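Please look through the sequence and the structure shown below before reading on. The report that follows is meant for a reader who meets this structure for the first time.

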Amino acid sequence: MLVGIVGAPNKGKSTLFSALTSVDVQIADYPFTTIKPNIGVAYVTKKCVDGELHVKCSPKNSMCVDGTRMIPVKIIDVAGLVEGAHEGKGMGNQFLNDISAADALVIVADASGNTDTNGNPCQGCDPVKDVEIIINEVAMWIAGIIKRHTSELSRSKNALETMESILAGLRISKGQIEKALIKCGISDTKSGWRESDTEKFSKALLKESKPILVAANKADLPGTQRSIDLLKNKFGEANVIACSAAIELALRKAEKQGIIEYNPSSGSVKVMKGGLPKAQEDALSYMTRFVKEKGTGVQQIINRIYLQMLDNIVVYPVEDENKYTDHSGNVLPDAIMIKKGSTAQDLAAAIHTELAKGMLYAVDAKKKMRIAKEQALNDGDIVKIVSSARPK
Ligand SMILES: Nc1nc2c(ncn2[C@@H]2O[C@H](COP(=O)(O)OP(=O)(O)OP(=O)(O)O)[C@@H](O)[C@H]2O)c(=O)[nH]1
Ligand SMILES: [Mg+2]
């Protein structure tokens, strides 16, 4: 699982990355601070089922803090993209190859309007433009990959098949390619691919294959509400989250230093150290108020992508349906994100192909009931897979 953080320069991509991963990276108030990508781990957070079952979990593939299960996902923060990047402007767009395997993209925009699309200081700049340029440049990056195979495509008698092999590294499914071809009115058995087809198709394919969440960042600065509304109008309420990466990062740093206790999931801030300098105390009380009134929006970004946009549920595979343990006695060891509508068989396949091959049936450990292979799972289900492939 991978999320790519993209956007124009100086919008707060690295600040957001650092706030999500607690990895220290270079952050500065000028464009192109980041050149080499930053890679780290963020977490999808969800109430753990151990509370409702009155057991204490011992997680293996995830963590559990104060009853919140934290499921790791990889995130990458890359250099800023500018208009014309596909023609080599700024840092170009070749570095986007690092996000080829992303499940989704976060486009960071500056809701304060204090930076232009090149990341230079500005007043009242339009963040909608920030986002539109980035979507176009990402589409042009996909088009660039396809263009390198133009002669292969124009010789091909099956655009779908050829496209599938060209885009193999981009985590794009055959169904998504098919839908994008239909949307731009290109027949999959067409021969003779034109350059104009490539750009149209790349835009449609990006829309089909990579959910895009807009992070309306710097929401702590004055006068941002209008920009946030404009972004929501343009890209849809569900696809925009107002956030303050800077406040989230400052809170996480204060926690690391033992000054506060901060729970990013609930937004609760507890001051642990007295006698702080006045300026620090003021900053803390401002940030606490901000978190209480609005929330920093940062954790919400990862949760919105995986739990809503990608429509995943969280299920817990176990080997002992009575104790909810694996073979070593770990209670609720794994929390697995799987697409809503997935069956018990799909879960077995997500765990191990051999387990899926020999699968006989599953057991719903909460209800202590046998469930068929084809039965769709529910969020929070605890499931034992019974398979001939694994001795009990
Ligand atoms: N007020 C405010 N400032 C922020 C916020 N997020 C980032 N900044 C500031 O914006 C500037 C740019 O932040 P970076 O994280 O380096 O931005 P970037 O998008 O990674 O920039 P490049 O790597 O140059 O493309 C820094 O001065 C940050 O402190 C925020 O939520 N609020
Ligand atoms: Mg950066």
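This is a predicted model: local features need pLDDT of at least 70, side-chain atom pairs count only at pLDDT 80 or more; totals for chains, interfaces and linings use all residues.

**Cysteines**

The count of disulfides comes to 1, and this link is formed by Cys122 and Cys125, whose sulfur atoms lie 1.8 Å apart. The angle about the S-S bond is 115°, and the link of Cys122 and Cys125 is right-handed.

Cys184 is buried, with a relative accessible area of 10%. Cys243 takes part in no disulfide, and the cysteine sulfur nearest to that of Cys243 belongs to Cys125, 18 Å away. Since a disulfide requires sulfur atoms within 2.5 Å, that separation of 18 Å leaves Cys243 without a partner. Cys243 is also buried, with a relative accessible area of 1%.

**The magnesium site**

The magnesium ion (ligand 2) is coordinated by Ser14, through the atom OG, and by Thr34, through the atom OG1, at 1.9 to 2.1 Å. These two residues link distant parts of the chain, 20 residues apart, with Ser14 in helix α1 (residues 13-21) and Thr34 in the loop between α1 and β2 (38-47). Ser14 and Thr34 are both buried.

**Cavity and pocket**

Rolling a probe the size of a water molecule over the atoms shows where empty space is left. In this model the count comes to 1 cavity of 30 Å³ or more, and the largest cavity holds about 40 Å³ of space. The residues Ile99, Ser100, Ala102, Leu105, Val138, Trp141, Ile142, Leu206 and Lys210 line the largest cavity. Helix α3 (residues 127-147) supplies the largest share of this lining, namely 3 residues. By class, the lining of the largest cavity is made of 7 nonpolar residues, 1 polar residue and 1 charged residue.

The largest pocket has a volume of about 570 Å³. It is lined by 26 residues, of which Arg252, Glu255, Tyr262, Asn263 and Pro264 are the closest to the centre of the pocket. Several elements give two or more residues to this lining, and they are α1, β2, β3 (63-65), β4 (68-77), α9 (245-256), β8 (260-263) and β9 (268-271). The element that gives the most to the lining of the largest pocket is α9, with 5 residues. Divided by class, the lining of the largest pocket has 9 nonpolar, 9 polar and 8 charged residues.

**Salt bridges**

The count of salt bridges in the model comes to 14.

| Salt bridge | Closest N and O atoms |
|---|---|
| Asp130 and Lys11 | 3.1 Å |
| Lys218 and Asp110 | 3.5 Å |
| Lys232 and Glu237 | 3.5 Å |

In the salt bridge of Asp130 with Lys11, Asp130 lies in helix α3 and Lys11 in the loop between β1 (2-7) and α1, so the pair ties together parts that are 119 residues apart in sequence. Both residues, Asp130 and Lys11, are buried.

The salt bridge of Lys218 with Asp110 also links distant parts of the chain, 108 residues apart, with Lys218 in the loop between β6 (212-217) and α8 (225-235) and Asp110 in strand β5 (residues 104-110). Lys218, at 19% relative accessibility, counts as buried, and Asp110 is buried with a relative accessible area of 0%.

Glu237, with a relative accessible area of 55%, is exposed, because exposed means over 50%.

Notes: Residues are numbered from 1 along each chain as its sequence is written. Chains are lettered from A and ligands numbered from 1 in the order in which they are written. Side-chain values use heavy atoms; hydrogens and water are left out. Buried means under 20% relative accessible area, exposed over 50%, partly exposed in between (1.4 Å probe, protein chains only). Donors are N, O and S atoms within 2.8 Å of the metal (3.2 Å for Na, K and Ca); water is not among the atoms, so sites may look incomplete. Helices (H or I, at least four residues) and strands (E, at least two) are DSSP runs, numbered from the N terminus. On a 1 Å grid over the protein atoms alone, a cavity is a set of points where a 1.4 Å probe fits but cannot get out, and a pocket is an open set with protein on both sides within 12 Å along at least five of seven lines; lining residues have an atom within 4 Å of a point. Grid points are joined across faces, edges and corners, and a volume is the space filled by probe spheres set on the points. Ala, Val, Leu, Ile, Met, Phe, Trp, Tyr, Cys and Pro count as nonpolar, Asp, Glu, Lys and Arg as charged, and the others, Gly among them, as polar. A salt bridge is a side-chain nitrogen of Lys or Arg within 4 Å of a carboxyl oxygen of Asp or Glu.
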